[in-house]
Amino acid sequence: MTSPPVLDGWVQGIHTADGRTHPTYRRGTGPGVVVIHELPGITPEVVAFAEEVVAEGFTVVMPHLFGTPGAPGTVGEVLRVVPRVCVNREFTILAAGRTSPVAGWLRSLARELHQDVGGPGVGVVGMCFTGGFALATMVDPSVAAPVVAQPSLPMPVGKRRKADLGLSPADLDSVKSRVAQGCSVLGVRYDGDPATGTRFETLQRELGDGFLRVDLPSTGRGQHATLTAHRSQEAVDRVLAFFRQRLQPS
């Protein structure tokens, strides 16, 4: 498959695990970071953020899970992709207390990247639809810097789903154990973003000081995507500093 111009310079590959295969895009040198795209896919804004991570001295791998690589994040593109995602069994859209099946594939990807580039571990950032996937990957010890950006699954319908982290009880216990061992979780969102429900409160309660919470002031204009479409320099700076601290120890 030919890559779109926005992905020029990125090396395309594939990763297979748990009976699943997805394309990947890789660029950079240094410790590894997995950047998991949001809806509707690997948009130019997602690539731009990934390029910023590369420029900071990291090897970035972007898995392509859905959508069309390089397509703009328009409302029309979102409406085209959402029905396909909602029936995809890799993703748990509505059920609370469950980990999406794609988490196993993402853990394998992070583990392979760590084995390839070395270092203290890899970073993983998930955004919006994939925000909670960064938590699910840290069950694997290869993940040393998980970033949860405006997590939106399960869909925030009802009190229970609004508070749910998209993790099975066993995976939540594993995450809490990792945090107790010193693996902090960074979370960024716009204050009052309804898509995130009350998940940050859940993370604060479950992880205590191990959850590094960043609530960005919102202008009230539907701001949601902290690192991409509604990019906040503060959010990007906090994420990059977190990766440097966790993955590039002096």
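**Exercise 1.** Determine how many bridges join strand 6 to strand 7, and in which direction the two strands run.

*Solution.* Step 1: strand 6 and strand 7 (residues 185-190) are joined by three bridges and run parallel. Strands here are DSSP runs of E with at least two residues, helices are runs of H or I with at least four, and both are numbered from the N terminus. Two strands count as paired if DSSP finds at least two bridges between them.
Step 2: V147 has L186 of strand 7 as its bridge partner, and V148 has G187.

The model is predicted, so local features need pLDDT of at least 70 and side-chain atom pairs count only at pLDDT 80 or more, while totals for chains, interfaces and linings use all residues. Residues are numbered from 1 along each chain as its sequence is written, and side-chain values use heavy atoms, leaving out hydrogens and water.

**Exercise 2.** Describe the other pairing of strand 6, with strand 5, and state how many residues of strand 6 are buried.

*Solution.* Step 1: six bridges connect strand 5 (residues 122-127) with strand 6, and these strands run parallel.
Step 2: V125 stands opposite V147 of strand 6.
Step 3: in strand 6 (residues 143-149), seven of the seven residues are buried, where buried means under 20% relative accessible area, exposed over 50%, and partly exposed in between (1.4 Å probe, protein chains only).

**Exercise 3.** Give the strand order of the open sheet and name its edge strands.

*Solution.* Step 1: the open sheet has eight strands in the order 1-2-4-3-5-6-7-8, with mixed pairing.
Step 2: strand 1 (11-17) and strand 8 (211-216) are the edges, since each pairs on one side only.
Step 3: on average, neighbouring strands are turned by 20° against each other, direction ignored. Axes are lines fitted to C-alpha atoms, for helices over the stretch in contact, and angles run from 0 to 180 degrees between N-to-C directions.
Step 4: helix 8 (residues 233-247) packs on the sheet, touching strand 3, strand 5, strand 6, strand 7 and strand 8, and its direction makes about 170° with that of strand 6.

**Exercise 4.** Identify the residues that touch the most other members of the largest nonpolar core.

*Solution.* Step 1: this core has 40 residues, of which F91, F129, L135, M138 and V185 touch the most other members. A nonpolar core is a set of buried Ala, Val, Leu, Ile, Met, Phe, Trp, Tyr and Cys residues joined through side-chain atoms within 4.5 Å.
Step 2: helix 3 gives the largest share, seven residues.
Step 3: beyond its neighbours within four places in sequence, F91 is in contact (heavy atoms within 4.5 Å) with residues including L65, F66, F129 and F133.
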